[in-house]
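Me: I am new to this structure and would like a close look at a single part of it. Please keep the answer plain and connected.

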Amino acid sequence: LVKHDLPTVDSTLNDIEPALMNATLFMLCRNKDLIAALSSIQNVEDRFNKRYHYPWTFMNDAPFSKEFINATTEMASSNTTYVQLEQHEWGLPKNLNMNRALQTIRDMTKQRIIYGFSLSYRIMCRFNSGFFYRNSALKDYDYYWRVEPGVIYSCDVPYDPFRLLRDKKKAYGFVVTLPEYPETIRTLWNTTRDFVKKNPHYLAPDNSLDFIVDDEKGLDGEYNGCHFWSNFEIADLNFFRSDAYTDYFEYLDQHFGFFYERWGDAPIHSIAASLFLNKSQIHYFEDFGYYHLPWSHCPSDYLLHANGRCICDPANTVELEYEFCYPRWYYNMRAPDHKLESKV
Ligand code: GDP
Ligand code: MN
């Protein structure tokens with residue numbers, strides 16, 4: 001494996017109060033996710049935030065219960081904000097053909113496509129694709145760290161990842177990359193290609209087409225499904241607020257693929273990062289230990305594992321079990337002048 005960009009321990013660690021970036025921990029969830037949410041918050045606090053006290057922002061399409069607010073406020077070491085989403089953020093796009101959407105749901109339920117039966121899952125994917133970063137509670141932040149209920153951060157995070165993004169001029173950070181279920185995104189790539197052909201100025205000069213398209217055809221090739229798993233994301237919100245991303249989202253939304261298919265926010269964020277950012281702006285948090293059902297990423301480096309007090313098994317790390325997208329990531333990130341004999 002190529003080791004790149006491994007951070008050194010943050011020098012602010014010994015400060016009594018490290019200077020904070022303009023950033024928030026962010027969780028979208030329901031009241032019924034409370035126990036899993038508490039588990040994630042406790043974990044992120046213990047592994048990271050008890051030394052930093054970044055604020056938490058919680059969002060829900062329904063009002064948060066008193067019980068949820070009380071318990072999460074106690075668990076967090078910092079300020080917490082609770083947001084009930086509005087109809088324009090959590091809902092259906094204008095001019096959606098509801099009959100067609102319902103027919104898709106019926107068809108995908110029969111075909112047992114994952115979450116194919118669910119309208120709320122589609123609304124969630126649309127929200128996570130196009131709305132979270134415009135919500136007034138996130139509007140004044142530059143960076144966010146997405147935390148889902150029930151995930152495990154299995155190593156200490158001994159430095160400030162927001163600061164790492166800022167210092168290294170990164171806009172998007174991931175830990176796990178996997179191929180998407182092709183049945184959920186049948187026309188996503190064609191729609192994306194049309195968008196980029198209409199807006200070629202948005203394509204970054206040193207983009208990551210080599211990560212998401214296997215052959216040398218670039219945009220004219222086919223999407224290999226590789227995406228950054230968006231249940232973990234540490235990213236610059238200004239990337240999502242850029243003209244390129246917001247125009248891309250509007251274009252996708254007007255093609256109704258969240259509802260006539262089952263487009264996920266993960267491939268959309270990932271395709272956008274791959275096309276509109278330069279390679280150098282995407283960061284692989286290789287040193288993070290992370291688990292979200294059913295996959296884990298565990299640092300293989302012995303010293304990182306020990307120093308990070310990791311509890312994950314490096315033998316169960318996703319890139320060994322499910323070997324598809326990581327080699328493409330490394331291929332994409334190869335030194336530009338380095339000619340590989342054969343492609344991975
Ligand atoms: P998966 O990771 O693709 O299996 O999907 P999840 O069920 O974990 O949902 C992704 C994120 O959206 C999680 O943070 C959930 O808590 C959240 N989420 C999913 N559906 C809803 C919903 O209907 N309402 C709210 N408020 N949050 C939701
Ligand atoms: Mn999840």
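Which residues are buried in H1?

Reply: This is a predicted model. In helix H1, the buried residues are Ala37, Ser40, Ile41, Val44, Glu45 and Arg47. The elements that cover them include strand S1 (23–28), helix H2 (66–75) and strand S5.

Helix H1 itself takes in residues 34–47. Its 14 residues should span 20 Å at 1.5 Å a residue, and because the end C-alpha atoms are 20 Å apart, the model agrees with that expectation.

One of the covering elements, S5, leads on to a sheet. S5 belongs to an open sheet of three strands, ordered S5-S11-S12, with antiparallel pairing. Strands S5 (152–153) and S12 (295–297) are its edges, each pairing on one side only. Strand S11, residues 290–292, is joined to S12 by three bridges in the antiparallel sense. Within that pairing, His292 has Trp295 of S12 as its bridge partner.

The residues around ligand 1 include Leu28, Cys29, Arg30 and Asp33. Also among them are Glu148 and Pro149. By class, this shell holds four nonpolar, three polar and four charged residues.

As for the whole, the protein chain has 14 helices and 12 strands. Of its 344 residues, 42% are buried. A compact globule with 344 residues would have a radius of gyration near 20 Å, and the chain agrees, at 20 Å. Among contacts between residues at least 6 apart in sequence, 79% join residues at least 24 apart.

Notes: Residues numbered from 1 in each chain as written. Chains lettered and ligands numbered in written order. Predicted model: local features only at pLDDT ≥ 70, side-chain atom pairs only at ≥ 80, totals over all residues. Near = placed C-beta within 6 Å. Nonpolar A, V, L, I, M, F, W, Y, C, P; charged D, E, K, R; others polar. Pairing = 2+ DSSP bridges. Helix = DSSP H or I, 4+ residues; strand = E, 2+ residues; numbered from the N terminus. Expected span 1.5 Å × (residues − 1). Buried ≥ 20, exposed ≤ 12 C-beta atoms within 10 Å, placed from the backbone. Contact = placed C-beta atoms within 7 Å. Rg over C-alpha atoms; globule rule 2.2 N^0.38 Å.
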